[in-house]
Amino acid sequence: MKALFTAAFAASALLAAGAMAQDGPTMKRIAETKTVTIGHRDASVPLSYIGQDGKAQGYSIDICLKIAEAAKEELKLDKLDIKFVSLTPQTRIPLLTAGTVDIICESSTHTLGRSRQISFLNTTFLTGSKLLVRKNSGIKRIEDMNGKILVAVLGTTNEKAAQVEVDKKGVKLKGDIVKVKDHTQAMLNLEQNRADAYVSDDVVLYGLASASKNPAEWEVVGPYFSYDPYGMMIARNNDDWRLVGNRAITKLIESGEMVAIYKKWFEPGPTKINLPLSDRLRENFQIIALPE
Amino acid sequence: MFAGFDFDVLIKSLPFLWLGMQLTLQLTVLAVGGGLILGTVLAVIRLSPIKPLSMAVAAYVNFLRSMPLILVIFWFYTLIPRVTGTSVSSFYSVLIAFIMFEAAYYSEIIRAGISSVRRGQISAALALGLTPPQAMRYVVLPQAVRNMIPVLLTQSIIMLQDTSLVYVVGLRDFLTSAEIVAGRDNRPIELYLTVALVFLVVCFSASRLVNLMRRRYSL
Amino acid sequence: MGAYNWNWPILLKEPYFGWIVSGFGNTCLIAVIAWAIAFPLGSAVGLARTTELPWLRLIGTAYVELFRNIPLLAQMFVWYYVVPELLPNDWSQWVKRDMPYPQFYTAVLCLGLYTASRVAEQVRSGIEAIPRGQRHAGLAMGLTPGQVYRYILLPVGYRTIIPPLTSDFLGVFKNSSLALTIGVLELTSQARQIEEYTFAAFEAFATATVLYCMVTGLVILIMRQVERRTRIAGTIALGAS
C-alpha cells in the first residue's frame with residue numbers, strides 16, 4: 001500500500017513537472033511523421049508569398065526552413081520532409097490549433113490579444129505604421145491629413161493605430177478611414193485618387209511603391225506611430241517546440257546568416273523592394289540572440 | 001488607364017493561371033456531376049409520399065441553402081480533422097462540400113421542374129400500368145428535365161464561378177491565382193479584366209453548347 | 001477541441017459587439033435593396049426573352065449572358081475600380097471622392113444587376129414551362145399578347161418558380177458577403193476584422209454562420225407558406241405538404 005502510494009505520488013509529481021514544462025504535441029507529431037508543415041500566405045511580399053514558379057518563398061519562409069532543420073537535429077531524425085500549406089485569415093488559427101500546420105510563417109504583428117490563442121516566437125522582423133502618399137501631395141505626416149481621405153486594410157494593427165493617432169492629434173479626415181480587403185486594393189485607391197494616403201507597415205508600403213508602374217511617383221512619409229514586431233506563430237503550450245524555434249533564430253543571428261537572409265530578400269531583393277537593414281532591427285537581433 | 005495596360009505580367013504568369021484553370025474545371029465537372037446525381041435523388045425523395053423521409057430531405061436542403069458556401073467550405077475543412085482525427089486533403093474536403101451544397105440547389109430546381117408536370121400525366125401513366133418509379137422515369141422526368149435545363153445551366157455556371165471560394169482552404173483556382181498575381185505584381189486591373197473576359201468566353205460557349213444540344217435532341 | 005482557447009464573451013465586448021450588429025445591419029440592407037433592383041429588372045429581362053419580338057429577345061439574351069457569365073467578384077471590381085475611370089472627369093471625381101458611401105452603393109448596384117440575370121432565367125424557364133397551347137388558346141380567344149401575359153402566363157409561371165426564386169433571394173443575401181472585396185463592412189468582413197484583432201476565429205465565424213442561417217431560415221419558412229398557398233391545382237403535390 002505504501003509502495004503504491006509512493007508510486008502514485010511520484011507519478012503525479014512527474015505529471016506536474018510535465019505540465020510545468022508544457023511539452024506540447026507539435027514536437028511529438030514532427031518526430032512521428034518526420035514532417036514539418038509550414039503555413040504561409042500567398043501575397044505577403046517579400047515575407048511570405050507565392051513566386052512565379054508557384055512555390056512558397058520569402059524572408060519568413062527561409063527562417064522557418066532553418067527552424068525545421070533545427071527540429072530535425074534536435075529529434076535526431078534521419079530525414080525530414082517539409083510540407084507547405086497556404087493559409088488565409090479564416091483558416092490560420094483553426095489549422096494551427098488543430099495541428100494541421102506546425103508553424104505559421106507570414107507577416108503578423110505580435111500582439112497580446114492574439115497571444116491568447118497562439119504563441120509567437122521571438123521577433124524576427126520590425127516594422128511600424130507609416131503613410132504612403134504621392135510625392136507632390138504635400139503630406140509629410142498624419143497631421144497634414146485634414147480634409148483628406150485615408151485608406152487602410154481591414155483589421156490590421158495599422159488601421160487601429162491610425163485611428164488612435166487621428167483622434168489624438170485632432171485630425172479631421174474626410175469621412176471615416178476607408179477599409180479595404182488587401183494591399184493591392186489599397187494601392188489602387190491611391191492610384192485612382194480615391195484616397196490621399198495609405199497607412200500600413202512601412203515594409204508593405206515600400207514593397208507596393210517599388211512594384212507600382214511608376215515607383216518615382218510615391219513616397220513613404222511620417223514618423224512611425226506604431227511599432228509592429230513580426231514573429232512566427234506556433235500553437236500554445238508548446239514550450240519544447242518554441243525553444244527549438246527560438247534557439248534556431250539565435251543561431252542564425254550569431255552565425256550572421258540572419259543578416260544574409262535579410263539581404264537576400266530586402267537589399268534589393270527579388271521584388272526590388274530595397275529596404276536596407278535598419279539599426280532598430282539590427283539591435284533587436286542582438287537583443288534576442290540570448291546566451292545559451 | 002488602358003494605355004498602361006501591362007500585358008507582360010499576363011504572359012509571364014500564364015502557366016500559373018493555367019494551373020488554376022485546371023483546378024477550376026476539374027472541380028466544376030466533378031461537383032456538377034456529383035451534385036446532379038445526389039440532387040435528383042433528393043428531389044425524388046422529397047416528392048415521395050413517405051413523410052419522414054421527405055421531411056428529413058427538406059431539412060437537409062434548407063439547412064445547406066441557408067449557409068453561405070464560403071462558410072460551408074470553411075466548416076468542412078476545419079472541423080473534419082477535429083471530428084475524425086485525420087486530415088482530409090483540401091481538394092477532397094472542398095469537393096465533398098461542393099457536391100453536398102450543389103445537390104441542395106439542384107434538388108430545388110428539379111423539384112420545381114417535376115412540380116410543373118401536370119398531375120394528369122401521372123394518373124395516365126399509372127392507368128397504363130406503369131409502376132410509380134416507371135412513371136417517374138419515363139413520363140415525368142423527361143418533361144421536367146426539358147423545363148429545367150436553362151436553370152440547371154445557370155446553376156452550373158454559378159458553380160464554376162464559385163470555385164473561386166476554394167481560396168479559403170488554400171487551394172488556388174483560376175480566380176484566386178489571378179488575385180495572387182494581381183497582389184504580387186500590383187497589376188489588379190489587368191488581372192481582373194482578364195478574369196472577366198475568360199469567364200465570359202468559357203461560360204458563354206458552354207451555354208451555347210447546351211442550347212445546341214437542347215435543340216438537336218429536341219428536348 | 002485541441003489547443004483552442006474558447007473565448008465567447010469577447011464577442012459581447014465593445015467594439016466587437018457593435019461591429020457584429022452594424023455588419024449584420026449592412027448585410028440585410030444590401031440584400032434587400034439589391035433584390036428590389038433585381039426582381040423587377042430580372043422579370044423584365046426574362047419576359048423579354050419569351051416574347052415574339054426578335055430584337056427584344058436579343059437584348060434579354062445579351063443581358064443574361066453578360067451578367068451571369070462573369071464572376072460576381074470580378075464584376076464588383078470592375079464596377080468599383082474600372083467604370084469610374086471611363087466616366088467624364090467631373091463625374092469620375094464625384095463618384096470617387098464626393099459621393100457618400102461609394103462602396104455601399106456600388107455593391108448594391110452590382111449585386112442587383114448580377115442577380116437580375118439569375119431572376120431572368122428563372123422567369124423565362126417558368127413561362128416556357130407552360131404548354132404553348134395555353135398561349136395560343138388565349139390569343140385565339142381574342143386576348144391581346146399583353147393580356148395573355150397578364151392573365152395566363154404570369155400567374156402560372158411565377159407560381160411554379162417560387163422555390164428557385166427563393167434560392168435566388170437567399171443567394172443575394174449570401175452574395176452580399178462579396179461586398180467586402182470593395183470595402184463594405186458587412187457581416188463577413190466584420191467577422192474577419194474580429195479575427196484579425198483577437199484571433200478568435202471560431203467564435204467570429206460561428207456567429208456569422210448562425211446569423212446567416214437565422215435570416216435565411218426565416219425566409220425559407222415564409223416562402224414555404226407562400227408556395228403552399230399559391231400552388232396550382234392539378235400539378236404534382238410538393239412532398240412536404
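View 1. A:Cys105 is buried, at a relative accessible area of 0% (buried: under 20%; exposed: over 50%; partly exposed: in between; 1.4 Å probe, protein chains only). A:Cys64 is buried too, at 1%. A disulfide joins A:Cys64 to A:Cys105, S to S 1.9 Å (cysteine sulfur atoms within 2.5 Å). The link is left-handed, with -100 degrees about the S-S bond. A:Cys64 lies in helix 3 and A:Cys105 in the loop between strand 6 and helix 5 of chain A, so the pair ties together parts 41 residues apart in sequence (DSSP runs: helices H or I, at least four residues; strands E, at least two; numbered from the N terminus).

The model is predicted; local features need pLDDT of at least 70 and side-chain atom pairs 80 or more, while totals for chains, interfaces and linings use all residues. Residues are numbered from 1 along each chain, chains are lettered from A and ligands numbered from 1 as written, and side-chain values use heavy atoms, without hydrogens or water.

**View 2. Two cysteines of chain C.** C:Cys28 is partly exposed, at 23%. Its sulfur is 13 Å from the closest cysteine sulfur, in C:Cys213, too far for a bond. C:Cys110 is in no disulfide; the sulfur of B:Cys203, the nearest, is 16 Å away. C:Cys110 is buried, at 0%.

**View 3. Chain C against chain A.** Contact (heavy atoms within 4.5 Å) links 34 residues of chain C with 32 of chain A. There are 5 salt bridges between the chains (side-chain nitrogen of Lys or Arg within 4 Å of a carboxyl oxygen of Asp or Glu). In one of them, A:Asp196 pairs with C:Arg97, closest N and O atoms 2.7 Å apart.
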